[in-house]
Each structure stands twice: as structure tokens, then as C-alpha cells.
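Let's take a walk through this structure together, one spot at a time. Keep the view open beside you as you read.

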Amino acid sequence: MARFKTRTDRVLDICVWTAPALVSGLFLWLVGDLAVRGCGAFWPGESEASGFFRLTEPLELVIKFLTGAPERAGRSGGIGPILVSTGLILMVCMSMAIPFGLGTALLLSEFVAPQNRFGRIVRRSLDVLAGVPSIVFGLFGNAVFSQFLGLRFSILSGGLTLACMVLPLLIRSTEEALNAVCPTQRHAATALGFSRWATVFQIILPQATPGVVVGLVLGIGRALAETAALIFTSGYVDRMPRSVFDSGRSLSIHIYDLSMNVAGGNQNAYASALVLITVLALINAATNWLATRFLQREAGNF
Amino acid sequence: MANQTQTPVPLDFQPLASPMAMEHVTIQYGNKVAVRDVSLLFAPKSITALIGPSGCGKTTLLTSLNRLTDLIPHCRVSGSVRLAELEIFDQRIDVIELRRRVGMIFQRPNPFPMSIRRNLELPLREHGLRDRHKLAEKVERTLTEVGLWTEVKDRLDRSALTLSGGQQQRLCLARALALNPEVILLDEPCSSLDPLSVAVIEDLLVRLRANCTIVVVTHNLAQARRIADSTAFLWADEAGGRLIEHRATKALFDSPRESLTAAFVTGRVG
Amino acid sequence: MFRSTRDRFLSLTLHGLAAVSGLIVVLVLAFVLQESSPVLSRVMLSRFLTDGSWHPAADAAEGAFNLLPIVVGTLLSSAGAVVLATPLGILSAVFIQFYAPLHLARWYRRMIELLAGIPSVVFGLWGLVVLVPLIARIHPPGQSLFTGIVILTLMILPTVALLSNAAMAAVPREIVSGCAALGLSRRTTAFLIIIPAAKSGLTTAAILGLVRAIGETMAVVMVCGNVVRMPGSLFDPIRTLTSTIALEMSYARGVHRSSLFFCGLVLLLVVTGLIAVAEIVSRRQLHGPV
């Protein structure tokens with residue numbers, strides 16, 4: 001009985017190698033394009049300076065870009081106020097999402113049995129929430145926070161909208177971190193007559209902290225990448241916000257606006273996109289680092 | 001099931017029943033030694049049983065015989081394993097042909113999640129048999145050999161997962177036999193089966209002995225006594241699993257040379 | 001009893017927080033429904049399909065509310081993306097599990113995870129600046145259904161690939177070793193054994209990819225051209241439900257605003273329905289213990 005390769009076999013083999021090659025190619029094209037054009041924005045043109053100062057010039061340009069105010073609708077100038085707005089939106093988002101996320105996750109994993117009716121309903125509704133498209137969150141935020149609660153276009157309503165959006169992600173990852181704590185620890189605490197309060201705050205949470213932090217960082221990443229939910233909740237205004245009740249433009253909206261609505265805005269759009277991607281890459285690296293450390297510690301326990 | 005009363009069906013293939021031999025085989029998972037310096041001869045047309053406590057490397061040793069160890073990341077095998085004259089860990093050999101010649105049955109029955117017929121036809125097609133009539137004939141004959149034909153002939157196109165555990169295991173055996181293997185490896189083939197199915201399988205192995213080299217890992221000492229011609233006893237300590245004694249089954253159980261073997265077969269250790 | 005009061009307080013607080021988290025989805029549905037009620041009460045539902053065009057106005061009598069080309073645009077772009085991304089995703093998973101050497105598989109997986117983390121606005125920017133001019137050279141104007149499909153394919157690929165990979169990894173390991181022991185090639189193992197065994201998981205992966213494609217907004221707004229017209233070819237511009245909301249929400253009043261919420265409602269229901277289907281499919285066990 002001899003084996004032989006048919007034509008279909010060969011075609012399949014080729015497909016299995018070309019598909020990843022194609023995907024990798026597109027990925028590298030995208031990232032390469034972003035890096036080249038993004039850095040291009042910081043490359044000094046004709047300049048008087050020479051020698052050592054030529055080398056420091058890109059650095060100066062980066063700092064100027066990160067701190068300066070946008071000029072001519074963003075075609076030139078920097079993204080200072082936009083970074084501040086983005087930071088504020090994230091702060092609002094996280095300060096709302098963390099208590100609700102942590103509380104819900106604690107309840108689901110430590111306080112109610114898996115078959116508990118209330119727990120099941122909450123879990124189910126979070127699953128549905130996780131699937132809601134971001135633009136629908138935008139509509140919801142506009143209707144509830146901007147209009148119903150009278151917050152208009154503001155950093156506050158944008159942040160609150162994002163909080164609703166990242167909540168399911170946050171709860172799921174926190175729950176996973178809590179479940180990763182070895183169940184014998186719970187039994188031991190209960191056997192020693194610990195109260196629930198003490199079990200949670202002195203035994204479970206300290207051990208789960210790295211995992212919880214990984215979840216938080218992931219949530220921040222998700223919020224940073226979001227655009228659609230913010231266009232008509234936090235608004236477009238690119239001035240420096242004076243408080244969270246002011247409208248503020250997030251980095252992602254800035255990229256959108258520059259490339260779509262501002263002729264000649266591409267260069268700064270790329271520079272902003274590079275900043276956004278760099279921050280996201282740092283976040284990604286941080287989560288990986290934390291996650292491996294967490295795993296190592298886990299392994300070290302045994 | 002009254003298979004014991006059925007007249008044994010003559011097997012339709014006369015393969016070579018090649019001997020297998022391992023010399024100074026050491027198997028490592030990363031830095032951990034699973035089996036250290038084992039030399040064993042598996043005689044043709046006989047059943048060799050591998051016994052020993054859990055974790056002594058019996059299964060690891062067995063999987064090195066058809067290079068299934070290749071599937072385990074960081075697993076290294078050194079020493080020599082030969083199928084007849086073929087050095088099987090030679091990088092140039094055709095692993096797929098090797099695995100056709102050396103069949104394997106696992107602890108838990110693992111039929112593919114598809115019809116009974118397709119479970120048998122797929123490996124045959126893979127190894128080059130495409131003729132419909134020949135395929136159908138082969139399916140019937142191997143199923144008859146394992147005593148499954150009368151039970152399943154009316155539902156060949158039903159999923160193999162609808163069979164009972166014992167039937168599934170016989171199907172897996174049929175699937176391996178269909179490829180005319182020279183050696184059959186069995187990893188505790190009866191540990192998840194009911195006693196009746198065990199009897200059917202053991203009966204089948206004894207009949208297969210006439211045409212194949214059979215190596216069976218078993219936890220069940222009584223089973224080794226019932227079916228094996230020779231038995232190898234392995235034992236594990238901190239340095240990894242090693243071979244203690246390999247002799248004719250009766251001799252190993254009745255007059256073991258090593259005191260460890262005596263202690264194991266009488267149930268004092270392990 | 002100091003302890004038990006503290007425990008009861010903790011339990012009550014957590015129940016409260018969880019109740020609010022669970023209620024958000026109800027609130028989303030309630031508000032979207034309430035905001036779309038004006039259009040539902042004043043504009044006959046059939047007008048969404050029979051009106052002459054999409055020229056919404058604050059007053060129901062003045063506007064024209066034909067959503068059909070927009071719905072068709074949404075369906076074509078997301079269906080196209082799924083048709084391309086599903087084979088690419090499944091092949092990627094096969095590559096990772098059966099073909100690639102260990103380190104290459106790890107790198108490729110890592111790359112797909114990174115692809116998943118790229119914000120949609122960045123995909124949009126790249127599509128607008130790089131892809132659109134390229135496609136315009138083949139067939140102007142460049143901002144088209146085709147560009148949208150390409151970008152969406154790239155965006156939903158990580159979802160499909162990672163879920164397919166998980167579905168294939170969930171096939172019992174005994175089956176994989178069974179294949180090897182029978183001397184089946186990796187080709188046969190992957191395409192004739194593992195893929196059929198993981199069918200339900202792969203279907204789920206494709207459906208969840210579709211969900212992502214339908215709900216995607218920014219990249220689509222940026223590369224699809226946004227003209228409300230039935231597309232005649234792959235290279236015609238299209239408008240999707242999500243882009244309609246994103247483009248018109250800032251100035252919409254009255255019934256117009258309400259009709260945008262109606263678009264949101266449609267999206268919400270379609271997406272939730274698809275997720276429910278995906279769950280039913282994934283629950284159907286095709287393999288497993290006896």
C-alpha cells in the first residue's frame with residue numbers, strides 16, 4: 001500500500017502556508033506604514049542646527065508634539081490637551097468601572113453558588129452586554145448621560161459610557177483571577193473560623209491582585225482604543241478641558257477627525273496614531289509581564 | 001455477548017511479524033528522566049507484557065516504539081530501537097509508514113467522531129487503498145475479525161460514538177488491524193472496559209499472536225499471566241524508570257530472580 | 001456580633017453593585033427603545049423599506065426613510081468579510097496546531113493577538129491613506145464595498161483565528177494521538193478529522209466574527225465612502241447602519257434622531273440574536289466522552 005499525494009493534498013498544503021503569510025504580510029505592512037509615517041512627523045526637515053543638536057532635535061519635536069496645543073484644526077501643533085482629555089476620560093471610566101467590576105466579580109465568584117439564580121441572571125446579562133456594538137453604547141451614553149442626566153457633551157458622560165462598555169471585560173478577567181486562587185485556601189480560611197470579610201480581604205484578594213491588575217490594564221487598553229462610543233458623548237472640542245464637565249477630545253477621535261474631516265491632517269493623524277499604538281503596546285507588554293509573573297508565583301506555591 | 005462460543009475466524013493477512021528490539025534506550029522529558037537505559041527484545045509471534053507500578057515509564061516506553069514520543073514537546077529518546085532491521089529513530093525514515101507497520105491501541109477507546117465505516121475507511125484510503133469494493137470487503141473482514149460485524153453491520157453509517165466502550169475499543173483494534181501491522185502496541189487496552197469486553201479482547205489478542213508481535217502495557221497482573229508469553233517488569237526510583245527483569249511469564253511470576261520482582265508480583269510493593 | 005454585621009454589610013453592598021452591573025444591559029435596551037419610539041409611532045415601519053430614499057428630517061412628513069440600501073450595505077460588507085476571514089482564520093489555526101514549528105506557531109499566535117489589539121480607528125487610517133488610493137487605481141473612487149471588506153476581514157480575523165484555534169485545541173488529545181498512531185498525515189489529521197470534530201466550535205467562531213463585522217463602526221466609516229445607494233459592484237461606495245449613526249448623530253433632531261436610535265435597535269437585536277445562535281451551536285457537543 002503506497003501513499004501518494006493527490007492534487008488536492010498539494011493545494012491544501014500550499015493554502016496552509018499562504019494564509020498565514022498573507023496575514024503576516026498585511027500586519028507588517030500596516031505596522032510598518034504606521035511606524036514610518038508616524039516617525040516621519042518627528043523627523044526634522046531643513047535645519048540650522050548641526051552635530052549633536054541634530055540628534056536631539058527629534059526628541060524635542062516629540063516633546064513639543066506631546067505637550068503643545070493643536071493649531072490650524074490639528075494640522076500642526078501638538079496633542080497636549082487631547083492627552084489630558086484622554087487621561088481624564090480614562091480616570092472617570094476606571095473610577096466607575098473598578099468598584100462595580102470588582103464588587104460584581106467578588107459576588108459572582110465568592111458569595112453566590114454557581115447555580116444561584118441571581119448570579120446566573122447577572123452573568124447572563126453581562127454576556128449580552130459584552131456583545132453590544134460600541135456605537136450602540138454611544139447612542140445609549142448620549143441618551144442617558146448627555147441628555148437625560150444633563151451632562152451634555154462632556155468628559156464625564158464619555159467616561160461613564162466607556163465604564164459601561166468595559167465592565168463585562170473587567171468582571172470576567174477579575175472573576176478568572178479570583179477563581180485562580182486555590183480553593184483549598186478558602187477551605188482553610190473557613191475552617192479557621194474566618195469571617196467572609198476577612199477571607200475576602202486578607203486571603204483571597206491579596207493572592208488575586210496581580211490577576212486583577214492584568215484585567216484592569218486590559219480594560220484601560222480597550223477604553224483607549226475606543227472611538228465610536230465617544231464621538232457623541234465626550235465630543236470633539238480640542239481645547240484644554242478645565243473640568244470633567246467640559247467636552248474633551250480623546251486621542252482616537254483626534255485621529256478620526258484629522259484623517260476624515262481635515263484636509264492635510266494626515267501627518268499629524270499618523271503621529272497621533274503612533275502615540276496611541278505605542279501606549280497600547282506598552283500596556284500589552286505590561287500585561288504579559290504581569291501575567292507571567294503571576295503564573296510563576298502560582299507555580300512557586302507548589 | 002457470546003463471542004467465546006463463536007468459531008474463531010481465520011485472519012486474512014500474513015504479515016511478517018517482525019521482531020522489535022530496544023538497546024540502551026533512555027527517554028527524557030526536558031531534564032526529567034522517564035526511562036533509563038532499557039534493553040528489551042520483543043519476540044515475533046508472541047505477546048510481551050510490560051508491568052510495573054504507575055509512573056515507572058511503561059507507557060512512555062511503549063510510545064517510543066512507534067515514535068509517538070515525537071508528539072510530546074521536549075521529549076528526547078536516545079539509544080537504539082529497531083523494527084526488524086530498521087532503525088526507527090533515524091531521521092530519514094518515513095514515520096507514517098512506520099506507524100502503519102506498528103499499530104497502537106490506547107487506554108481510552110478513541111474512535112474518530114464520524115461513522116463506523118468512515119473510521120475504518122479513512123486510514124485505509126490514507127495508505128493508498130481507494131477501490132470501493134476492496135474497501136467494503138476490508139471493512140467487513142476486519143470487523144468480523146474483532147467480532148463486531150454481526151453487532152454493527154446494520155448501522156455502519158451511524159456515529160462510532162454511539163457504540164459501547166467495549167465495542168469502541170474493538171473498533172479501534174479493527175482500525176489498526178486493517179492496516180496489516182507487523183507489531184501491535186496496546187496501552188492498558190482493557191482498563192476502561194467491562195469484564196465481558198475484556199474477555200473478548202484478550203481472546204482476540206491470543207488469536208492475533210499467530211501473525212503479529214504484540215506488546216501490551218497492563219496494570220492487571222492476572223491479565224499478564226493469562227495472555228503474555230513473556231513479561232517485563234519495570235520499576236521507578238529517583239533516577240527514573242528502569243527494567244528489573246524480563247523473562248517468560250510463568251518463570252517471572254513463579255520464580256522471580258530479583259527480590260523486587262517477587263515483592264511486586266505478590267503485592268507487597270507497588 | 002461585630003463580625004456578622006460586617007459580613008452582612010459586605011454581602012449587601014456586593015449584591016447592590018452586581019445588581020447595577022446586571023441592570024446596565026436592561027437600561028441600554030430601555031433607552032434605545034424609548035428614544036426610537038417616536039419614529040416607531042409616527043413612521044410606518046414599512047416606510048423603512050418603501051420610501052424613495054434616505055433623506056431623514058426632524059419631521060416625519062418631510063423626511064424619507066428608506067433604510068434598505070443601508071441594510072444591504074451592512075449585510076454585504078460583513079458577509080464578505082466573514083467569507084474571507086473564516087477560511088483564513090481556520091487555516092491560521094491549522095497552521096498553528098499542525099504545520100508550524102513550535103516557535104513559529106508561538107510567534108504567529110502572538111502576532112494575531114497584537115492584530116486584535118489594534119484600534120479600529122488605526123485600521124481606518126491605514127485603509128484611508130494606503131488602501132483607498134491603491135484600489136482607486138484599479139477602479140475609482142477607492143472608498144468602496146471592496147475596501148470595507150478587506151479592512152473588516154483583517155479586523156475580524158483575530159476573532160475567527162483565535163476561537164478556531166481554541167475549538168481545535170478542545171478536540172480530545174486521544175483523537176490526535178489516535179491519528180498519529182494510525183500513520184495519518186498531518187493534512188488528513190487536520191482537514192478530515194480535527195476540523196469536522198471541531199465543526200460546532202468553528203461555526204461559533206465564524207458567527208462571532210460576523211457579530212464583530214456588523215458592529216464595527218470607525219474603520220467602515222473611514223473606508224466605505226458612505227454614499228446611500230444600492231451598490232452595483234464591489235467597487236461602489238456603500239453606507240452601513242453603524243456609519244449612518246456615527247455620521248448623522250451630531251446634527252439629528254426629532255424623528256431623524258429617533259430613526260438613528262432605531263438603527264441602533266436593529267443592530268442590538270441582530271447582534272444579540274446572532275450571539276444566541278452562536279451559543280446554541282457551541283453547546284451542541286459533537287465529540288466528547290462516550
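A:Trp197 and A:Phe201 are 4 residues apart in helix H8 (residues 196-225) of chain A, so about one helical turn separates them. Helices (H or I, at least four residues) and strands (E, at least two) are DSSP runs numbered from the N terminus. This is a predicted model, in which local features need pLDDT of at least 70 and side-chain atom pairs count only at pLDDT 80 or more, while totals for chains, interfaces and linings use all residues. Residues are numbered from 1 along each chain as its sequence is written, chains are lettered from A and ligands numbered from 1 in the order in which they are written, and side-chain values use heavy atoms, leaving out hydrogens and water.

Rings of Phe, Tyr and Trp (its six-membered ring) pair if their centres lie within 6.5 Å; planes under 30 degrees apart count as stacked, over 60 as edge-to-face and the rest as tilted. Elsewhere, ring pairs join A:Phe140, A:Phe145, A:Phe148 and C:Phe31 into a cluster.

Now turn to chain B. In strand E3 (residues 47-51), 5 of 5 residues are buried. B:Ile47, B:Ala49 and B:Ile51 lie on one side, with B:Thr48 and B:Leu50 on the other. E3(B) pairs in the parallel sense with strand E8 (residues 213-217) of chain B over 4 bridges, where B:Ile47 stands opposite B:Ile214. It takes at least two DSSP bridges for two strands to pair. E3(B) also pairs in the parallel sense with strand E9 (residues 230-237) of chain B, over 4 bridges, and there B:Ala49 stands opposite B:Thr231.

Finally, look for charges beside rings. B:Arg175 lies over the face of B:Phe112, at 4.4 Å from the ring centre (NZ of Lys or CZ of Arg must be within 6 Å of the ring centre and within 35 degrees of the ring normal). In chain A, A:Arg196 lies over the face of A:Phe111, at 4.8 Å from the ring centre.

Note on methods
Buried means under 20% relative accessible area, exposed over 50%, partly exposed in between (1.4 Å probe, protein chains only).
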